[in-house]
Amino acid sequence: ETELTAFRVDGDSVVPSRTIAVGGSAGVSSDGDDQRGIAISPDGTRAYVVSREPEAVLVLDVTRDASGRYEDRFVGIIEVGPGPSIIRIHEHENHPGGYMVYVVCFTADLVYVIDPSVNEVVDIVATRRGPHDLVFDSAAGVGYLANFLESTVSLLDVDPTSSEYHRVLTSLGAPRRPRSND
């Protein structure tokens, strides 16, 4: 059984505070130790952990009970494509539940979009080569996606009221290989 460890800051130290069991019955193998990132829902009740083994998002309930203790319940697993590496949350009043979860898959050149109200992939966006990171400009309704393998930045429409929703609008820069670290 795989466990995730939560930490807390104690003065100048970071110490383990609790572990969350993520059982093999959910498709998570005992050697599933390649978690790449975590995002917390805006209301603080869900943790989304991106994993490469399995290639999925692990969903955890991290609400507190009446005494203030964390419940730490494994909710489910959402499969995504090869090479998931970054996970981001985009808040928008027109999203179901107020936000969507975006998983950048470097190896697959894709971004998986998850609707947290149903814990399912609702869209898959083809990207340029080597998508590496994603940040949002909510006022402009776009996400900026850094494409490492060609040194470009793509603009992804993240406005749910737009006819181009979840489409790459344009890419900035001329594709070229990244320079080596001389």
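A nonpolar core is a set of buried Ala, Val, Leu, Ile, Met, Phe, Trp, Tyr and Cys residues joined through side-chain atoms within 4.5 Å. In this predicted model, the largest such core has 15 residues. The protein has 182 residues, of which 38% count as buried. Its secondary structure comes to zero helices and 14 strands.

**Overall composition**

- Among contacts between residues at least 6 apart in sequence, 35% join residues at least 24 apart.

**Nonpolar cores**

- Within the largest core, the residues with the most contacts inside it are Tyr48, Val57, Ile87 and Val103.
- Two or more residues of this core come from each of β4, β5, β8 (99-105) and β9 (110-115).
- The element that gives the most to this core is β8, with four residues.
- A separate core of eleven residues lies apart from the largest one, and its members include Ile86, Val111, Leu134 and Val158.
- Leaving out residues up to four places away in sequence, isoleucine 87 touches Gly37, Ile38, Ala39, Tyr48, Val50, Val57, Val101, Tyr102 and Val103.

**Four-strand sheet**

- Four strands form an open sheet in the order β3-β4-β5-β6, with antiparallel pairing.
- At the edges of this sheet are β3 (35-40) and β6 (73-79), each of which pairs on one side only.
- From one strand to the next, the twist averages 20°.
- The antiparallel strands β5 and β6 are joined by six bridges.
- Leucine 60 has phenylalanine 74, in β6, as its bridge partner.

**Salt bridges**

- The whole structure holds four salt bridges, and three of these pairs, Arg46 with Asp61, Asp133 with Arg88 and Arg128 with Glu150, are described below.
- Arginine 46 and aspartate 61 meet through their side chains at 3.6 Å, N to O. The pair links strand β4 (residues 46-52), which holds arginine 46, to strand β5 (residues 55-61), which holds aspartate 61, and the two residues are 15 apart.
- Arginine 46 has a relative accessible area of 24% and is partly exposed, whereas aspartate 61 has a relative accessible area of 7% and is buried.
- Aspartate 133 and arginine 88 form a salt bridge at 2.6 Å, N to O. Aspartate 133 lies in strand β11 (residues 131-137) and arginine 88 in strand β7 (residues 84-91), so this pair ties together parts that are 45 residues apart in sequence.
- Aspartate 133 is partly exposed at 25% relative accessibility, and arginine 88 is partly exposed with a relative accessible area of 29%.
- Arginine 128 and glutamate 150 form a salt bridge at 2.8 Å, N to O. Arginine 128 lies in the loop between β10 (120-126) and β11, and glutamate 150 in the loop between β12 (142-147) and β13 (152-157), so this pair ties together parts that are 22 residues apart in sequence.
- Arginine 128 counts as partly exposed at 31% relative accessibility, whereas glutamate 150 counts as buried at 7%.

**Serine 41**

- Serine 41 is found in the loop between β3 and β4.
- Buried means under 20% relative accessible area. Serine 41 therefore counts as buried, at 3% relative accessibility.
- Not counting residues up to four places away in sequence, serine 41 touches Arg46, Tyr48, Ile89 and Tyr99. Of these contacts, Arg46 takes part in the salt bridge with aspartate 61, and Tyr48 is one of the residues with the most contacts inside the largest core.

**Tyrosine 144**

- Tyrosine 144 lies in strand β12 and counts as partly exposed, at 30% relative accessibility.
- Leaving aside neighbours within four places in sequence, tyrosine 144 is in contact with Asp133, Leu134, Val135, Asp137, Val153, Ser154 and Leu155.
- Among these contacts, Asp133 pairs with arginine 88 in a salt bridge, and Leu134 belongs to the core of eleven residues.
- Tyrosine 144 and valine 158 are 14 residues apart in sequence, and their C-alpha atoms are 10.0 Å apart in space.

Technical notes. Residues are numbered from 1 along each chain as its sequence is written. This is a predicted model: local features need pLDDT of at least 70, side-chain atom pairs count only at pLDDT 80 or more; totals for chains, interfaces and linings use all residues. Side-chain values use heavy atoms; hydrogens and water are left out. Buried means under 20% relative accessible area, exposed over 50%, partly exposed in between (1.4 Å probe, protein chains only). Contact means heavy atoms within 4.5 Å. Two strands pair if DSSP finds at least two bridges between them. Axes are lines fitted to C-alpha atoms, for helices over the stretch in contact, and angles run from 0 to 180 degrees between N-to-C directions.
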